[in-house]
Every structure is written in structure tokens, then in C-alpha cells.
Amino acid sequence: MVDLKFQGAQVLGPDGLAERDLAIRGERITNHSQGKSVVLPGYLLLPGIVDLHGDGFERHLAPRRGAMKQMAEGLVAVDAELAANGITTAVLAQFVSWEGGLRGLEFADQVFQAIRDTAPELITDLRAQLRFETHQLDLYDSLPDRIAAWDVDYVVFNDHLPHRRLAEGRKPPRMVGQALKAGRNPEDHFALMQRLHAARDQVPDALDALCSRLAARGIRMGSHDDATEAQRSRWHARGVAIAEFPETQDAAQAARSAGDKIVLGAPNVVRGGSHNGNVSALDLIAMGLCDALASDYHYPSPRRAALMLAKSGVADFAESWRLISEGPAAVLGLTDRGQLKPGDRADLVILDERTHRVAATLVAGRFSYLSGDIADRFFAA
């Protein structure tokens with residue numbers, strides 16, 4: 001059992017950073033430790049990062065078409081990358097989409113089974129999120145039972161059909177490449193998109209019924225890329241209480257007014273704006289329209305975004321870090337992490353105070369990452 005007392009580090013509390021002792025025993029933070037003291041001047045001791053939504057794991061599971069046959073080995077690599085970026089709880093966002101290929105149902109089934117079966121063997125707390133394309137009406141009846149078999153408790157709804165172009169009868173840009181990547185004839189792929197678009201009027205009522213079934217099973221639900229107040233309000237009426245990456249201030253404000261949670265992309269903060277012209281995450285954060293930041297597609301971004309927010313003065317350090325720790329933990333209903341208080345899980349990330357690089361990561365008192373000079377502090381006699 002790990003029994004350690006950290007001394008000399010700057011430890012993050014509700015009021016900010018201050019030098020104080022922090023002790024862990026076993027999986028928990030504790031008031032008292034009889035174990036070894038580790039002296040860490042020059043380091044920041046912070047709550048572990050909770051990542052609500054990320055698909056950066058895809059390159060480990062399928063680095064090249066057909067190259068990864070053992071998904072468990074890919075998840076081991078994911079675990080290592082998450083740890084190196086200070087992430088202690090990670091939600092892996094996997095599509096089930098009409099797009100097929102790595103986003104198709106068959107591949108998703110393999111991914112969800114691998115997460116379910118392999119995650120307990122790893123150190124980082126890995127969880128699965130289903131990103132479901134809403135126009136797949138043929139999957140609605142079976143979806144709740146699939147979700148139960150996959151042990152998924154978080155579903156986010158997307159609609160990536162290019163409805164305007166389909167309504168005009170025009171092929172979307174990059175459609176041929178998308179079809180070939182999925183192993184489909186481009187004409188067949190376009191025909192599928194047209195059929196899904198043609199059935200669009202059936203989707204709202206079908207979603208009402210599906211969301212009701214999922215809510216009855218205790219499934220956490222979110223919407224993705226809401227563009228209008230009306231869209232977000234409709235999702236709220238269905239019990240979908242998380243707004244992921246709202247595209248406009250109106251949609252974000254509608255979520256806040258309804259008491260729903262707002263998740264923004266950390267890369268948006270790091271870039272200084274959205275890569276596709278949507279509302280700036282910095283602006284929404286400054287207006288108080290953000291509960292959590294997520295890695296989206298880049299695992300280093302949560303840490304970098306929190307540090308940038310603090311440096312820019314948009315928020316103080318404690319509030320900035322809360323957006324990647326306590327905030328996302330609360331969205332997931334996890335009350336045992338995100339802060340450094342006695343009784344909580346010992347989920348910690350230790351940063352070099354000068355460079356702000358990750359020096360060590362601990363999950364429930366177990367090291368998932370340890371690198372460089374800090375290792376000497378732990379192994380010193």
C-alpha cells in the first residue's frame with residue numbers, strides 16, 4: 001500500500017496554490033501519513049485531469065487500416081499517452097455512424113468491447129462514450145441493449161449529414177475520400193446519405209422515444225455542436241443535459257439558462273479560436289458559459305488550456321484548473337476526484353513549476369507516469 005507525504009510543493013486548493021503538505025495512503029488522500037516523506041520544492045501538486053471527451057485514442061487502435069489487430073495493445077498505448085499528459089480519468093469517444101469504417105458499427109463494437117474488457121487492467125480510469133449519428137433510424141430499436149452490452153453509460157448525439165448540399169442534390173466535398181476510407185463505392189455512399197437525409201422528418205420523434213428509453217436506464221446524455229437556442233432547448237426537453245461544444249453563444253446561453261452543463265474544446269482555447277469558425281471558447285469562458293474543457297482530439301490540450309487561461313487572466317489558476325478537474329468530474333457525477341481533499345481518490349498530477357511539464361501522474365495512488373529528475377525524489381533513501 002502506498003503511504004507517502006508530499007512536502008515543499010505548491011499544492012492547489014480552493015483558494016489557489018500554496019505550500020502545504022499532502023498525504024496519500026493507499027488509494028486515498030488522507031490527513032495523516034506514517035510513510036515516506038517526498039520533498040518536492042519546485043513542483044506543483046494538482047488534481048488529476050478528468051477528460052470528458054476525446055478521440056485521440058483512434059490513432060493507437062487503428063494507426064493504419066488493418067495494422068492493429070489487437071485492440072488491447074492499442075489501449076495500453078492510450079493509457080501511456082494519457083498518463084504522460086496528466087490525465088487520470090478519460091472518456092474515450094467512439095462513433096457509431098453511417099460514415100462507416102472506423103466510425104461504423106462493426107468497428108465500434110470491437111472498440112467498446114476492448115474498453116470494457118481491458119480498462120480494468122490499466123491504471124488510468126478509462127470510460128467509453130458513444131457518439132451516435134442521429135439519422136440511423138434502423139439502429140434505434142437495438143441501441144439500448146447494445147449500450148448495455150458495451151457497458152457504456154454516456155451517449156452523445158451528433159448529426160454530421162451535410163443537409164443543405166443533400167437538399168440541393170449536390171455531392172459534399174471530400175465525399176469520395178470518405179467513401180473509399182470506409183470501403184464503399186462512392187455512388188453507394190452518396191445514395192446512403194440521400195436516404196438518411198430524406199428520412200429527416202422522422203428523426204425528432206424517434207429521438208424523443210429513444211432518449212426516454214435511455215434516461216430510464218440511467219444513461220448520461222449530451223448533444224454535440226448545438227447551433228441555435230431552439231436546438232439546445234429541444235435536447236433539454238428530452239433530458240439531454242450536457243451541451244458539448246456549442247457552436248454559438250445563443251446555444252451556450254440556452255444551456256446555461258436551463259441548468260445544463262457546457263463542455264468546450266481545450267484545443268479551441270489553445271488555438272485562440274475554433275478551427276471551423278464557431279464561437280471562441282475563450283469568449284464563452286469569459287462569460288461564464290463553460291463547466292468543463294475536454295481534449296477533443298489532442299490530449300496535451302487540457303493542461304495547456306488551463307495554463308493559458310491562468311496566464312492570460314481570463315480566470316485565476318484555481319478556476320482554470322477546475323475546468324479540467326473538478327468541473328468535468330462533476331459533469332460525470334464523480335464526487336471522489338477533481339479536488340485534493342481528504343477522502344478523495346489520490347488522483348494527482350505533478351508539474352515542474354518552471355516548465356509546467358508533467359513530471360508525474362498518480363491514479364488512485366498508483367503511478368501511471370514518472371519521468372526525469374522527480375524520480376530521484378521518490379527513490380532516494
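Let me start with Arg59, which, once its neighbours within four places in sequence are set aside, is in contact (heavy atoms within 4.5 Å) with Glu81, Tyr297 and Tyr299. Before I go on, please keep in mind that this is a predicted model, in which local features need pLDDT of at least 70 and side-chain atom pairs count only at pLDDT 80 or more, while totals for chains, interfaces and linings use all residues. Residues are numbered from 1 along each chain as its sequence is written, and side-chain values use heavy atoms, with hydrogens and water left out.

Arg59 lies in helix α1, residues 58-61, where helices are DSSP runs of H or I with at least four residues, strands are runs of E with at least two, and both are numbered from the N terminus. Its relative accessibility is 40%, so Arg59 counts as partly exposed, given that buried means under 20% relative accessible area, exposed over 50%, and partly exposed in between, with a 1.4 Å probe and protein chains only. Gly74 is 15 residues from Arg59 along the chain, and their C-alpha atoms are separated by 8.6 Å.

Now to helix α7, residues 186-198, whose 13 residues should span 18 Å at 1.5 Å a residue, which agrees with the 18 Å between its end C-alpha atoms; the expected span is 1.5 Å times one less than the number of residues. Its buried residues are Pro186, His189, Phe190, Leu192, Met193, Leu196 and His197. Seen down the axis, these fall within an arc of 155 degrees, so they line one face of α7, the arc being that of the directions from the helix axis to the C-beta atoms. On the other side of α7, Asp188, Arg195 and Ala198 are exposed, and the cover over the buried residues includes α5 (163-167) and α6 (175-181).

What are the buried residues of α8? They are Val203, Ala206, Leu207, Leu210, Cys211 and Leu214, and they cover an arc of only 130 degrees around the axis, which puts them on the same side of α8. The face turned away from that buried side carries the exposed residues Asp205 and Ala216. Among the elements covering the buried residues of α8 are β10 (125-133), α4 (143-150) and β12 (220-224), and just after the helix Gly218 takes a positive phi of about 80 degrees.

Finally, the open sheet has six strands in the order β3-β2-β7-β16-β17-β18, with mixed pairing, where two strands pair if DSSP finds at least two bridges between them. β3 (16-19) and β18 (366-370) stand at the edges, each with a single partner strand, so one side of each is left without a neighbour in the sheet.
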